[in-house]
Amino acid sequence: MTPFDKLLEFLFESWRVDVLILGKVGILLFLVLYLLFSLMIVRQVHLMSKTVKGSIEKILMLAAKGLVILSIGVIVLALFVL
Amino acid sequence: MPDIFVAKKKSIEGKRQVSQMGQVSQMSQMRQVRKGRQVSGKRKRHGMGPRYRRVAERLSKERRKGNVRSFSILPGKVRFETQETREKIILLLRQHWVTQFSWVLTAGLMIWAPLCLLWIPILDFLPGNFQFMIIVIWYLLIVAFIYEKFILWFYHVFIITDERVIDVDFYNLLYKEVSEAKIDNIEDVTYRQGGMMKAWLNFGDISLQTAAEKQEFMIENVPQPFKVVKILNELKLEEEHEKIEGRVR
């Protein structure tokens, strides 16, 4: 193996590692954004149910909070899996 | 001679008694009406004629149970932000369910889409844990999509009360528009029902022309548009009656 080949191999290996780290960071960033989005949904459902009060608002609010819990759960899962 | 005069006197007294009794019964009827009770035996209310029944009373027989309906008559538990204490919701309208079919179908396809990876392995260049996380994220997106679409449909309502019409629009999660018009300001009500699907499933668009600055209200894809127009016209008439009697709230 020539020194040039060694250099290429080194570059490719390090690039591969970088890509994986970038992928991991990207996924975690996306999940954090998703968590913010789900928090925004909770707030929005609260405002919407103030505008029109019906009988399934509690269920909708519960579902919105469920979405927040789900997104937190997926962030924790991502930290373990990736 | 005296006999005649005595007899006349008696009849006058009798008439007086009858008229006094009549006044007393009228006053008691008025008191009952003020308290909100219906006058026994007759349907006479508020001087609107013996056969007159308010729109809300007439529609109470057509009332059906159900929380997630696109056409609710007298939805008892529903209240809205600017509702006054004595204001009664007559109709609550949402878009017909068939108009939501497109996103339901999209969501259904999205749920089954990861199965395509068995035949088209486009994620194979990634390590297994990354592939797994991408599929989890895909399903998170589907959940958010379904939830957002549902709440946007659920809260996009058109409310008709005995006093006014209110249009609540949520174009997306961050933009809300609430517009309202008094029923006596509505000048013209028209409805359109074009296309096979709309004719078959009986839904269409209603436009209300108002005298106010905002010229037109548009309610899109509501079920039974003819019935809505009929109820609106009846409410308009009722408002006119109330105006004549000076009972405007």
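This is a predicted model: local features need pLDDT of at least 70, side-chain atom pairs count only at pLDDT 80 or more; totals for chains, interfaces and linings use all residues.

Guide: Let us begin with Y34(A), which is buried, its relative accessible area being 4%, where the label requires a value under 20%.

Visitor: Why is the pair of Y34(A) and F37(A) called tilted?
Guide: The structure holds six aromatic pairs over all chains. In the pair of Y34(A) and F37(A) the ring centres are 6.2 Å apart, and a pair requires centres within 6.5 Å. The planes meet at 50 degrees, whereas stacked needs under 30 degrees and edge-to-face over 60, so the pair is tilted. Both residues belong to helix 1 (residues 3–51) of chain A, where being three residues apart separates them by about one helical turn.

Visitor: What is the geometry of the aromatic pair of F150(B) and W153(B)?
Guide: F150(B) and W153(B) have 5.9 Å from centre to centre and 50 degrees between their planes, and this pair is tilted. The two residues lie three apart in helix 4 (residues 128–155) of chain B, about one turn of the helix. F150(B) is partly exposed at 24% relative accessibility, while W153(B), at 11%, is buried, because the cut-off for buried is under 20%. Ring pairs also join F150(B) and W153(B) with F154(B), Y155(B) and F170(B) in a cluster.

Visitor: How do you know that R94(B) lies over the face of F154(B)?
Guide: The distance from R94(B) to the ring centre of F154(B) is 4.2 Å, and the label asks for CZ of Arg within 6 Å of the centre and within 35 degrees of the ring normal. R94(B) also lies over the face of W153(B), at 5.7 Å from that ring centre.

Visitor: Which residues make the nonpolar surface patch?
Guide: The patch, of about 1100 Å², is made by I111(B), W112(B), L115(B), L118(B), W119(B), I120(B), I122(B), W138(B), Y139(B) and L141(B). Helix 3 (101–112) and helix 4 of chain B each supply at least two residues, and helix 4 gives the most, with three.

Visitor: Why is chain A said to be more spread out than a compact globule?
Guide: Chain A has two helices and one strand, which run α-β-α from the N terminus on. Its radius of gyration is 22 Å, well over the 12 Å that the globule rule gives for 82 residues, so chain A is more spread out than a compact globule. Along its principal axes the C-alpha trace of chain A spans about 75 × 20 × 10 Å, and buried residues make up 30% of the chain.

Visitor: How do you know that K176(B) and E81(B) meet in a salt bridge?
Guide: Their side chains have an N to O distance of 3.8 Å, and the cut-off for a salt bridge is within 4 Å. K176(B) lies in strand 6 (residues 175–182) of chain B and E81(B) in the loop between strand 2 (79–80) and strand 3 (89–93), so the pair ties together parts that are 95 residues apart in sequence.

Visitor: What parts does the salt bridge of R164(B) with E180(B) tie together?
Guide: In this bridge the closest N and O atoms are 2.8 Å apart. R164(B) lies in strand 5 (residues 164–172) of chain B and E180(B) in strand 6, so the parts tied together are 16 residues apart in sequence. R164(B) is buried at 6% relative accessible area, whereas E180(B), at 43%, is partly exposed. E87(B) joins R164(B) and E180(B) in a network of salt bridges.

Visitor: Why are K198(B) and D205(B) called buried?
Guide: K198(B) has a relative accessible area of 18% and D205(B) one of 13%; because buried means under 20%, the label applies to K198(B) and to D205(B). These two residues form a salt bridge, with the closest N and O atoms 3.7 Å apart.

How values were computed
Residues are numbered from 1 along each chain as its sequence is written. Chains are lettered from A and ligands numbered from 1 in the order in which they are written. Side-chain values use heavy atoms; hydrogens and water are left out. Helices (H or I, at least four residues) and strands (E, at least two) are DSSP runs, numbered from the N terminus. Buried means under 20% relative accessible area, exposed over 50%, partly exposed in between (1.4 Å probe, protein chains only). Patches are made of residues with over 30% relative accessible area and no salt bridge: like charges are joined within 9 Å, nonpolar side chains (Val, Leu, Ile, Met, Phe, Trp, Tyr) within 5 Å. Accessible areas come from the Shrake-Rupley method with a 1.4 Å probe; for residues, only the protein chains shown count as cover. The radius of gyration is taken over C-alpha atoms; the globule rule is 2.2 Å times the number of residues to the power 0.38.
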